[in-house]
Amino acid sequence: MGRKSVIQANSPSNADTGKGQVSDTPSLDRGQIRPEPALAQKLLEVRDLKTKFYTVDGVVNALNGISYSVDKGECLAIVGESGSGKTVGVLSILRLIQSPPGRIVGGSIFFKGIDLLTLDDRALREIRGGAIAVIFQDPMTSLNPVMRISAQITENIMAHERLTHVQARAKAVDLLAMVGIPTPAKRLNDYPHQFSGGMRQRVMIAMALSCSPQLIIADEPTTALDVTVQAQIVELVKKLQAELGTAVIWISHDLGVVARLADRVAVMYAGHIVETAPVDELYARPAHPYTIGLLNSLPRLDARTKTKLQAIGGLPPNLLGDLRGCPFAPRCRFATNRCREENPTLAEVAPGHAVACWHDELTRAQA
Amino acid sequence: MRFIIRRLLQSLIVVFGVSIIAFGMLFMTGDPTEILLGNGADHMTVAQIQDFRVKMGFDRPWYVQYASFVGKAVQGDFGYSFVRHEPAYEVIMDKMPATIQLASVAFVLSLLVSIPLGVLSAMRPHKPIDRIATVLALIGQSIPSFWLGILLILLFGVQLKWLPISGSGSWQHIIMPAITLAAFPIARNMRLTRSSMLDFMQRDFVRTARAKGISETRVVYAHVLRNSLLPLVTSIGLEAGFLLGGSVITETIFGWPGVGREIVSAIGSKDFNVVQAGVIMLALIFAGVNLIIDLAYSWIDPRIRYDT
Amino acid sequence: MKNEVLVRVKDLKMHFPIRAGVLNRVVGAVKAVDGVTFDILKGETLGLVGESGCGKTTAGRAILHLYRPTAGEVAFRGVDLAKESPEYVRRARRHMQMIFQDPYASLNPQMRVGEIIGRPLRVHGLVKDAQEEKHLVTELMQKVGLNTSYRDRYPHEFSGGQRQRIGIARALATSPDFIVCDEAISALDVSIQAQIINLLEQLRDDLGLTYLFIAHDLGMVRYISTRVGVMYLGKMMELTSSDELYDDPLHPYTKALLSAIPIPDPPLERQRQRMLLEGDLPSPSNPPAGCRFSSRCPLATEHCRAVEPKFREVTTRHWVACHLV
Ligand SMILES: Nc1ncnc2c1ncn2[C@@H]1O[C@H](COP(=O)(O)OP(=O)(O)OP(=O)(O)O)[C@@H](O)[C@H]1O
Ligand SMILES: Nc1ncnc2c1ncn2[C@@H]1O[C@H](COP(=O)(O)OP(=O)(O)OP(=O)(O)O)[C@@H](O)[C@H]1O
Ligand code: SF4
Ligand SMILES: [Mg+2]
Ligand SMILES: [Mg+2]
């Protein structure tokens, strides 16, 4: 019963409020699940973000109104099925969506109170690589193959700081040393192909750190790497985050890595955030049937008793065209007619724990 | 170093192949003795003809003839021109500067026009400037060069009388032949630049560059363009061949006193030594240019430099 | 009957020549697999784990005789196929199949699903006529959970998980005893991986299959395997039952590998100590002298760097190659 009132009080992804969202001011806390004191301004606050791709096959609804926030120094992990919109969700923050065919069609993205979607190109460029930096998934293809590492790092530094070329190079050497590249001064003049995958990802991290960002967006930075190298990178990021106090958005589909790194987790499915909770809460008391299914379908490395894996049946969703009802309904054990008709909105079920499911009481009782 | 040696060997093979073809030309058309003597043979006795055959060495097996041909050719001896009564090599080398001049001007012209045009249309795909450039490229690629040459002559030479129709001597003379020769490379390089730019524009590292907050101009020139030039460089190597080969037609149309025109007239007068000398010298230059292009490629692309 | 050996691998070496220079001379070799010895018992699932490039795929392919081994032998049911006639090998092949990582790349895009699954039946002459083939294909599709009305569709019309099912059905067509699953689930979504794993397990139990299960997801490997082998730079480092390997790893590399894998349990993860390996994997064409792991091993001694440790049975059915064990 308590649930209903929450929905009416503030429902961030209600379809009928979607249009007016763009012009909303930061003082309105519609996107927040719980009203908070005005003092605690979030570092990043995404509200009802909608991104579509206008392709020859039709409109791909990649983001269908997602809302979330990141605090200073916090690590938010975004997990979800391939194609659920994780990458599009974070690239939209810096307006790095390939356009055409992509377009952000609604919502707002407040970074320290400024709506990034209304910034002009110049102001946006100051934030890109400055206050917000990105680390991409594939270190093999994310560096320019014909440009020296030195040039690739210094161009980032010099775009944001008034330094001479020599100073920028000196800084680049420090950065490479900081991310654990041996003999950094020598390696500076190398080309990307002279580095291993793990080393390239370190270079990407050095680049991301170069202008002391307040937020680092890491899009599956270890997926392409071996587990032993992944462990090196995860520990490096964890250490740097603690030292520098940088907030991190870490996209991953590895729930183990997320358990290691994250403070809070957002679970995405078909362009929606279906659940968000502090990391311990999410793993201990998952409430959305998709999250529950995801956790049950993982074998535990440390588990001796062999319980049969509980697979989620059915197929991943198709984002082409309009969806009706809960996007997970076709694969959901709990789905009812209501689920197939009406899209559930995120509602808080415990402090900081919000779920978009009509039957969360039922699912939590079963989990 | 290994790389250079390998490329040198490959170039040698190309030149070797061309020399065989140039040599074989004479035999493919029939009995070389009859071809060379032409109608003249009617007035000669069988013994005289046989004498001529022996004098020219046509009585020996073909591989012996080829070996002696190559042996002399490496020393720059392609035999005598029957028409000009001077060594065939000198006939060709006399005309070489004019051909190189025309090819170079066309080459520079093609790069100066095609790359900026390709970049422009890649920056605004499917917008008016891109459409216009695409249509122009289509015309440039499909119109035969003799036809374009004649059109130019009619328009600028005959109608407007802005430019000299034929010959050489002043800078005005080179304009129309250069445009004629460059039309196809311009069209092709423009399309290549465009598609390669569009391809690289979508690469991950370009997204990385944008995420750094550098200006869009820098993204395009420092990241996209440099990578896009790689496929272009390969095509430019082939283009050297096209420019040299294309000069045969263009030089003939515009009366440009180069190797191409010389070869055509030598074919007409069955002056095969000159034809052979011309074809082989052009092939040598072509191989040389390609070698330089390959070295340039390895200079632009660090991955190649280190792999070998 | 219990411990019948199905596949016996003895000192298997698979080297790929590296060619270079003007004359394309052989200047070295990638020692993809460099002397491994193990048995695969009938009915078991042997897991094979290790970092990228350590030779898992090569070992799998060599076991199926898709490569001619550089040295050593692979015996299937006691017969070393390398010594048999091509005709014998061809016939033996139907008893061993492979399922690939990339379900899309391994399916011919121009063939209908029914044809893809039915082809091995025809190639090995296992069906009399089209009628029988159709019948068998229908049966196979049902077995792997594919809707039989999809038989006339093309691979691109299927999702990743469904494509993997097609690949499995194709592998099952010849009623093999032994299947090499090379990263069969790596390309799939987490929620779909469990579907395929469950299918593989069910087929194993129903049809009495034996698997060589290659993967780098150690969680999945532990789950599905009876025994697990850990490879590093073309060598087997440790081999034992799956529970013993995870509960009581002996080789330092196994320990590092296990500690590198995060467990989806936040409070536990926060306490876990990492044993971080320095640096990257050395090149398999120029492996370190002595023990291959010595360049990254936190415990390495001079002895390790000089002498290669033997792969030996330290406790019952627990094999390790390390001087310090
Ligand atoms: N350039 C594009 N053109 C058309 N559709 C696109 C484009 N980029 C992304 N999409 C679509 O947007 C949806 C979300 O994609 P996104 O890349 O965000 O997924 P993801 O969650 O990051 O998946 P993954 O785990 O595979 O990286 C997908 O359905 C995808 O097909
Ligand atoms: N046909 C081949 N020719 C030359 N080298 C090869 C060939 N196949 C594999 N290699 C090399 O042998 C080594 C082992 O490769 P293999 O594919 O067996 O590794 P893997 O353990 O399966 O790795 P991954 O986890 O990446 O699939 C690698 O260094 C690889 O480059
Ligand atoms: S809303 Fe319904 S269909 Fe969606 S997850 Fe909840 S129970 Fe399942
Ligand atoms: Mg992604
Ligand atoms: Mg492999």
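## Two ligands and their surroundings

An oxygen atom of ligand 1 sits 3.0 Å from a polar backbone atom of A:Gly85, in a model that is predicted. Such a pair is a polar contact (N or O atoms within 3.5 Å).

| Ligand | Residue and part | Distance |
|---|---|---|
| ligand 1 | A:Thr87, side chain | 2.5 Å |
| ligand 1 | A:Val88, backbone | 2.8 Å |
| ligand 2 | C:Gly53, backbone | 2.7 Å |
| ligand 2 | C:Gly55, backbone | 3.0 Å |
| ligand 2 | C:Thr58, side chain | 2.5 Å |

Let's start with ligand 1. On its own it has 630 Å² of accessible area (Shrake-Rupley method, 1.4 Å probe), and the protein covers 69% of that. Its shell holds 16 residues, where a shell residue has a heavy atom within 4 Å. Among the closest are A:Ser82 and A:Lys86. Helix H2(A) provides the largest share, three residues; helices here are DSSP runs of H or I with at least four residues. By type, the shell has six nonpolar, seven polar and three charged residues, with Gly counted as polar.

Now for ligand 2, which has 13 residues around it. Those that come nearest include C:Ser52 and C:Lys56. Helix H1(C) gives the most, three residues, and the shell splits into six nonpolar, five polar and two charged.

A note on reading the names: residues count from 1 along each chain, while chains are lettered from A and ligands numbered from 1 as written. Local features need pLDDT of at least 70, side-chain atom pairs need 80 or more, and totals for chains, interfaces and linings use all residues, while side-chain values use heavy atoms, without hydrogens and water.

Terms used. Polar contact = N/O pair within 3.5 Å; in protein donor to acceptor, adjacent residues only side chain to side chain. Helix = DSSP H or I, 4+ residues; strand = E, 2+ residues; numbered from the N terminus.
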